[in-house]
Amino acid sequence: MATILRSILLSASRSQVKGLYAKECCRCLSTRLAEVGVLEPPRENGKAYDTGQLFLHKVFGYRGIVLFPWLASVYDRDAPGKIEENRYTEDQNTAIGKEVKGRNHMYYQVLIDARDCAHIRAQTEAVTFLGNQDNSRALYAIPGLDYVAHEDVLPYNSPETTPIQHELFDKFLQHHSDSSPSFFAKDTLKAWQEKNHPWLQLSDVHRETTEGIRVTVIPFYMGSRQTNQTHVYWWRYCVRLENQGSETVQLRERHWRIFSLSGTLETVRGRGVVGQEPLLSTELPAFQYSSHVSLQAPSGHMWGTYKMERRDGTSFDCKIPPFSLESKTDDNNNPHQFLGS
């Protein structure tokens, strides 16, 4: 029997979602409940969701809608039978190979409902682009876009013609009551996807777990800029930390190593990430953020550790899986062409 969707579990845990009520939350004590739709059975056996599919994020609890799918290669260092990969070190510049076999896995580019953005533990401006001018180093963010793994999608349907509040919803999607899902892509979405494919494409996903803390990293190439006869190449990377155990920990420090094809090796240390020291507990197990890196070479690698502190004051280093930074052919695409007011 279909379950009436009545609750958005904002910052939800990994526990099984049962009866759901649409919760219109605010930062005050009052909460208004309203029915928003009917929960559908999740798709299994690799069957992808279509453009226009409404869903709840299984971990972060926000409402969203699928724009289009990406088939990614997932390099999971927790997989049994893996070969220990080589890593760059300060005294031995050994290439990081993909000894961990990549497995194809479906991810989705999605819109996040603007009503939920303030209540989730994930940056909602994670998709960024370089400025259009050749000498500009400005970064422009597109709010409310995310990349979601197939297993994190809890599908539902709704009778509303505008069930998701987002400035791009009406630009990209159109309602059709007789179709399933009841929304389909407009030509503007198809053109935007095709034009900005190099900067939106999700190709590699890297995972590794240390003492119950799983770190997932997704790198994206953003393009290059020329300054003083030198090319500077830019990437963004999205990191998700998830506590799969029962012990509460807090991220205290980050330690990155960044190797460039030009032969340089940079070490970066600092408190927390993006100005925060997130607590990962059974109630709030996940945190997601994005950051950027630039190299004076078309490729390189990154890897590192997070210092995680337990409640008793002891700590451990949580591995950040090594991942490649690979450039692509630049062009003069303007990601904002279809995003104007």
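Cys238 is buried, at a relative accessible area of 12%. This is a predicted model, and Cys117 in it comes out partly exposed, at 21% relative accessibility. As for disulfides, a search of the whole structure turns up zero.

Now for the backbone. Most residues other than glycine have a negative phi, and most peptide bonds are trans. With that in mind, a few spots here are worth a look.

Which peptide bond is cis? That's the one running from Ser180 to Pro181, with its omega near 0 degrees. Pro181 sits in the loop that links β12 (173-175) and β13 (183-185).

Then there are two non-glycine residues with positive phi, Glu211 and Val274. Here they are side by side:

| Residue | Phi | Loop between | Relative accessibility |
|---|---|---|---|
| Val274 | about 45 degrees | β18 (265-271) and β19 (279-280) | 38% |

Val274 is partly exposed, since its 38% falls between the 20% and 50% limits.

Conventions: Residues are numbered from 1 along each chain as its sequence is written. This is a predicted model: local features need pLDDT of at least 70, side-chain atom pairs count only at pLDDT 80 or more; totals for chains, interfaces and linings use all residues. Side-chain values use heavy atoms; hydrogens and water are left out. Helices (H or I, at least four residues) and strands (E, at least two) are DSSP runs, numbered from the N terminus. Buried means under 20% relative accessible area, exposed over 50%, partly exposed in between (1.4 Å probe, protein chains only). A disulfide is a pair of cysteine sulfur atoms within 2.5 Å.
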